[in-house]
Amino acid sequence: MGEDQIHQLKEEVDQLNRRLQLQEQKIEELQRLLMGSNYRRQNSQQTSIPPKKSSWSMENFIGLRLIHFIGIIVLVIGLSIGVKYAIDRNLISESLRIILAYGAGLILYFLSRYLKKNYPFFSTILFSGAMASLYFTTYGAHVYYSIFSFATAFIIMIIMTAYTVYEAISYDRQEIALLGLVGAYGIPFLISKNEERADLFFLYISLINAAVIYLSVKKGWKNVGRAAQLITWILFLGWASVRYQAELQSMGLLLLSFFFLLFAFLVGSVKIVHRNTFTINDTYQLVLNSIGLYIGALFIFGDSFESRNVSIVTLFVSCLSGVQAFALWYYWKEEIFTRRVFASLSLMLFVIFVGLNWNGFIVTLLWLLTAVIVFISGVRIKSVTARMAAILLIGVTLIKLIAFDSLRFSTVEKVIAYLILGVLLLLVSFFYQKFKQKIFDEKE
């Protein structure tokens, strides 16, 4: 091959390289154009989407929430007026009244089933109205017209309650569960003949509670469990204060213990089952459970609140609250607020116990001793709450000493009390002066 041919081949190769470079440049330009158009398209789409507005508004609340309830109430009022008009003029018989009332409830029920798929919330309202109508129609049929016997009415209401709970799970709505809860607790009052069978009554309430707690824990419906706790303690304390008799003490103690443990587990399931932290409402629910136990025990063991048993009950609940505070510290250290509340409740009940069990000078000394122990404990565990509680107790003791004890104590008792209290206050003050840098930098 000659030099001319080699030179010609080199020129052709160079031309091909230049063409390839040009093609690469064109491809890069096309890629930049495509990227730019996609970016502009995305931006135009983003700007075309209006910003989200707040989900709550007055119109939203009225149109989607309030008007449904008002509609159901107005409908029930209209039906009631119509039925009353017909009854006053003897236009319908007793049996026909019940049939028409059941018919109205069933119409609401079937309408709720029809609308369940496309309008679930509206269907929930209709279903709640239907079940309420059927509940009270059954009540009227038994109480006013004796169409149903006690057993028949009881069975019908039990079935409706079970079905309401089932539908609550199906709808996944707490409102329906609350309706079933109210209906379940209302059954004994609606059809009871007041036969004084507290054992059967609270056995029934216990069974309902067990089912409600299961539903509350399974679905995480705290309001359902709280409603059950509130209703149960009201029922139990009402019975204990009005109809309790000494021969029922064993049964009362058993029920008291069962209800306390059941609702303690209910709140504890927040940690045990769901692995969440306690809210403020959870803490208050636990405290109210302990207060319910305390008041119930006073009614059962207090003997008209004139017995020494009152101080024993107070000491027991104080120790129990202290155990709960310790358990919270040992197992769930993050629950600081709940632990503080139970520690405060324990201290308050112990102070009350001292006041119930002793008089005068002894009470003053024991309160001061308690304050010293609590303050030292607060120093050792670095608890601001404990130290402040001790200082508060010292202040209460000082007020008691000046306002009341000075009028009743002997001269010797006054001297001792004032000296001890003065020395204690000075020691506390010295402690803060000496360790102020360390104390006020620490965090509980």
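In which kind of crossing, left-handed or right-handed, does α13 pass α14? Here are my notes on this predicted model; that question gets its reply in point 2.

1. Start with the whole chain. Of the 444 residues, 36% are buried. Now look at contacts between residues at least 6 apart in sequence: 68% of them join residues at least 24 apart. Keep that in mind when you follow the chain by eye.

2. Now for the opening question. The crossing of α13 past α14 is left-handed. Helix α13 covers residues 360-380 and helix α14 covers residues 384-408. Their axes come within 7 Å of each other and cross at roughly 165°. Angles over 145 degrees count as roughly antiparallel, and therefore α13 is roughly antiparallel to α14.

3. Who does the touching in that pair? On the α13 side, the contact is made by G360, V363, T364, W367, L368, T370, A371, V374, F375, G378 and V379. On the α14 side you'll find A386, R387, A390, I391, L393, I394, V396, T397, K400 and D405. Sorted by class, the contact of α13 with α14 has 13 nonpolar, five polar and three charged residues.

4. Next, have a look at helix α10 (residues 280-301) and helix α12 (residues 336-357). These two pack at an angle of about 25°, and their axes are 9 Å apart. Since angles under 35 degrees count as roughly parallel, α10 and α12 are therefore roughly parallel to each other. As for handedness, α10 passes α12 in a right-handed crossing.

5. Which residues of α10 and α12 meet? From α10 come I280, T283, Y284, L286, V287, S290 and Y294. From α12 come F337, T338, V341, F342, L345 and L349. The residues of this contact divide into ten nonpolar, three polar and no charged.

6. Let's zoom in on S311, which is found in helix α11 (residues 309-331). Is S311 buried or exposed? Its relative accessibility is 4%, and buried means under 20%, so S311 counts as buried. Leaving out residues up to four places away in sequence, S311 touches F353, L356 and N357. With N357 there is also a polar contact, side chain to side chain, at 3.3 Å.

7. Q249 is partly exposed, with a relative accessible area of 32%, whereas S269 is buried, with a relative accessible area of 3%.

Methods:
Residues numbered from 1 in each chain as written. Predicted model: local features only at pLDDT ≥ 70, side-chain atom pairs only at ≥ 80, totals over all residues. Heavy atoms only, no water. Helix = DSSP H or I, 4+ residues; strand = E, 2+ residues; numbered from the N terminus. Buried < 20%, exposed > 50% of the residue type's maximum accessible area, 1.4 Å probe, protein only. Polar contact = N/O pair within 3.5 Å; in protein donor to acceptor, adjacent residues only side chain to side chain. Contact = heavy atoms within 4.5 Å. Axes fitted to C-alpha atoms, helices over the stretch in contact; angles between N-to-C directions. Parallel < 35°, antiparallel > 145°, perpendicular 65-115°, else oblique. Left-handed = near helix turned anticlockwise from the far one by under 90°. Nonpolar A, V, L, I, M, F, W, Y, C, P; charged D, E, K, R; others polar.
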